[in-house]
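Work through the exercises below with the sequence and the model at hand. Each task is followed by a solution in steps.

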Amino acid sequence: MIAASEDPLNAWPEGEIRLLPLASLGESYRRYRLPDAAAEAAMAGALARYGQLSPLAVFVKDDAIEVLDGFKRLAAALIEPSSQAATKKRICRRSMIAPR
């Protein structure tokens, strides 16, 4: 894995896994997911026991990083003391993203 500070977001190849600070991850697409507090709590327990096994799927939009998949993992990481999460960049075309 490569630290996020080593090169700019635009040079981040699709599919490469990086550790990113939790505070840098946008959640504007979370509103399209149904909240499930019990599932998030269970995920927090699994994260504490096993660590993060799968990266979050993210994409770069307007020079910001947005989470596309992995909102329960992100919520669990925010519950458990952690400062970063493993993320994997995906390419998203505008037509794949719901309008605001």
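**Exercise 1: a charged network**

The side chains of glutamate 27 and arginine 30 form a salt bridge, with N and O 2.8 Å apart. The model is a predicted one.

Task: Find which residue besides glutamate 27 forms a salt bridge with arginine 30, and state which residues the network joins.

Solution. 
1. Start with the exposure of the given pair: glutamate 27 is partly exposed at 32% relative accessibility, and arginine 30 is partly exposed at 25%.
2. Glutamate 40 forms a salt bridge with arginine 30, and their closest N and O atoms are 2.6 Å apart.
3. This pair links distant parts of the chain, since glutamate 40 lies in helix H1 and arginine 30 in the loop between strand S3 (25–26) and H1, 10 residues apart.
4. Glutamate 40 has a relative accessible area of 16%. The cut-off for buried is under 20%, so glutamate 40 counts as buried.
5. Through shared partners, the salt bridges join Glu27, Arg30 and Glu40 into one network.
6. The structure holds five salt bridges. Another pair to inspect is arginine 18 with glutamate 16, at 2.9 Å from N to O; arginine 18 is buried, with a relative accessible area of 1%.

**Exercise 2: strand S4 and its partners**

Task: Determine with which strands S4 pairs, and in which sense.

Solution. 
1. With strand S6 (residues 84–89), S4 pairs in the parallel sense over three bridges. Opposite alanine 57 stands lysine 88 of S6.
2. With strand S5 (residues 64–69), S4 pairs in the antiparallel sense over five bridges. Phenylalanine 59 has glutamate 66 in S5 as its bridge partner.
3. The hairpin of S4 and S5 has two residues between the strands, and aspartate 62 there takes a positive phi near 55°.
4. S4 is mostly covered, with five of its six residues buried.

**Exercise 3: a buried lysine**

Task: Lysine 61 is buried; find the nearest side chain of opposite charge and the polar contact of lysine 61.

Solution. 
1. Lysine 61 belongs to strand S4 (residues 56–61).
2. The nearest side chain of opposite charge is aspartate 62, 4.8 Å away. A salt bridge has to be within 4 Å, and lysine 61 has none.
3. The side chain of lysine 61 makes a polar contact of 3.1 Å with that of tyrosine 29.

Notes. Residues are numbered from 1 along each chain as its sequence is written. This is a predicted model: local features need pLDDT of at least 70, side-chain atom pairs count only at pLDDT 80 or more; totals for chains, interfaces and linings use all residues. Side-chain values use heavy atoms; hydrogens and water are left out. Helices (H or I, at least four residues) and strands (E, at least two) are DSSP runs, numbered from the N terminus. Buried means under 20% relative accessible area, exposed over 50%, partly exposed in between (1.4 Å probe, protein chains only). Lys and Arg count as positive and Asp and Glu as negative; His and the chain ends are not counted. A polar contact is a pair of N or O atoms within 3.5 Å; within protein, one must be able to donate a hydrogen and the other to accept it, and residues adjacent in sequence count only if both atoms are side-chain atoms. Two strands pair if DSSP finds at least two bridges between them.
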